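Subject: Structure for your files

Hello,

Here is the structure, with notes on what turned up in it. Please look at the model before reading on.

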Amino acid sequence: MKRILVTGGAGFVGSHLCERLLNEGNEVICLDNYFTGSKRNIEHLMDSHYFELVRHDVTNPYMVEVDEIYNLACPASPVHYQYNPIKTIKTSVMGAINMLGLAKRVGAKILQASTSEVYGDPAVHPQPETYWGNVNPIGLRSCYDEGKRCAETLFMDYHIQNDVKIKIIRIFNTYGPNMNPNDGRVVSNFIVQALKGEDITIFGDGKQTRSFQYVDDLIEGTVRMMNSREGFVGPVNIGNPHEFTMLELANKVIGLTNSKSKLIHLPLPQDDPLQRQPIIELAKKELNNWSPKVELEEGLTKTISYFDTLLTN
């Protein structure tokens, strides 16, 4: 049994990770300040004697004896991270410093949940880990993009200077149950609008692409990364290399929900990337041939069922 700390553990991805780690027989400490996380996501874990829920903000130091740390804490959707951009970048940077300091003191291995947003609006397509990105440092999305880039720098510096055992993953678009219905992400937006019979809002011409990964595939890749060979620190892309346009996604959601929603087009937001697709050869090589298993239709069906229950209760 390992004692594992998950920051942002009541969030969309964090709640699934807490459940996975608990089911594997570990003791799990879930740290969250509920800015975007929700107790609803982890309430079914509360009966376990090996699960502990702590209300705490990672911008403040936290002391605990643990074997591993998964650092997931940070608002991850434009609606939430642009609501308080200073808080967002403080969460990424100060949160990384505090968790790395903890890992250094107790000798824990620590994983950073970074993001495909470090690639910005990419001039290279698809994106390998060796690409340095095309990020606007003073744009509306900078608080998140640059915060995550700085966190990666901090992780590498703590590793090089202090020999902290680190792992870095870059998460591409992920969807599934426990998403916040108001997070402004494209999958949750389309599903909620379709279920309510509202117009589905598409930014731009809808031909921009994303690669959608079901949350179970992300969790599998994340856990494999934490358990990967000692010399491998990353960063490594964790995402689905199959590309879809926004129009394709919207029509798929309308079909699966039997919705009468119509498509309407709005202007493209500032710095919104036109393409996003991971190269995952490194993950296949280093993470026991990891690759996404859940097809888009199967994942969307499960996610639609979740939101349907949520909206009717």
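**A salt bridge inside**

Arg170 and Glu152 are both buried (under 20% relative accessible area; exposed is over 50%, partly exposed in between, with a 1.4 Å probe and protein chains only). The two form a salt bridge, with their closest N and O atoms 2.8 Å apart; the term stands for a side-chain nitrogen of Lys or Arg within 4 Å of a carboxyl oxygen of Asp or Glu. This pair links distant parts of the chain: Arg170 belongs to strand S6 and Glu152 to helix H4, 18 residues apart. Helices (H or I, at least four residues) and strands (E, at least two) are DSSP runs, numbered from the N terminus.

This is a predicted model, in which local features need pLDDT of at least 70 and side-chain atom pairs count only at pLDDT 80 or more, while totals for chains, interfaces and linings use all residues. Residues are numbered from 1 along each chain as its sequence is written, and side-chain values use heavy atoms, with hydrogens and water left out.

**The sheet**

Seven strands make an open sheet with parallel pairing, in the order S3-S2-S1-S4-S5-S6-S11. Strands S3 (51-55) and S11 (236-238) are the edges, each pairing on one side only; two strands pair if DSSP finds at least two bridges between them. From one strand to the next the twist averages 20°. Angles run from 0 to 180 degrees between N-to-C directions, and axes are lines fitted to C-alpha atoms, for helices over the stretch in contact.

S5 (residues 109-115) and S6 (residues 166-171) run parallel and are joined by six bridges. Thr115 has Ile171 in S6 as its bridge partner. Helix H4 (residues 142-162) lies across S4 (68-71), S5 and S6, at about 155° to S5. Helix H6 (residues 215-226) also packs on the sheet, where it touches S4, S5, S6 and S11 and makes about 160° with the direction of S6. Contact here means heavy atoms within 4.5 Å.

In S6, six of six residues are buried. Both of its faces are covered, with Ile166, Ile168 and Arg170 on one side and Lys167, Ile169 and Ile171 on the other.

**Other salt bridges**

The whole structure has 15 salt bridges. One of them joins the side chains of Arg20 and Glu220 at 2.9 Å, N to O. Arg20 lies in helix H1 (residues 12-23) and Glu220 in helix H6, 200 residues apart. Arg20 is partly exposed at 23% relative accessible area, and Glu220 is partly exposed at 24%.

Lys284 and Glu281 form a salt bridge at 3.7 Å, N to O. Both lie in helix H8, three residues apart, about one turn of the helix. Lys284 counts as partly exposed because its relative accessible area is 31%. Elsewhere, salt bridges with shared partners join Arg20, Glu24, Glu220 and Arg224 into one network.

**Leu287**

Leu287 sits in the loop between helix H8 (281-286) and helix H9 (296-312). With a relative accessible area of 1%, Leu287 is buried. Leaving out residues up to four places away in sequence, Leu287 touches Gly221, Arg224, Met225, Ser228, Phe232, Ile238 and Leu282.

Regards
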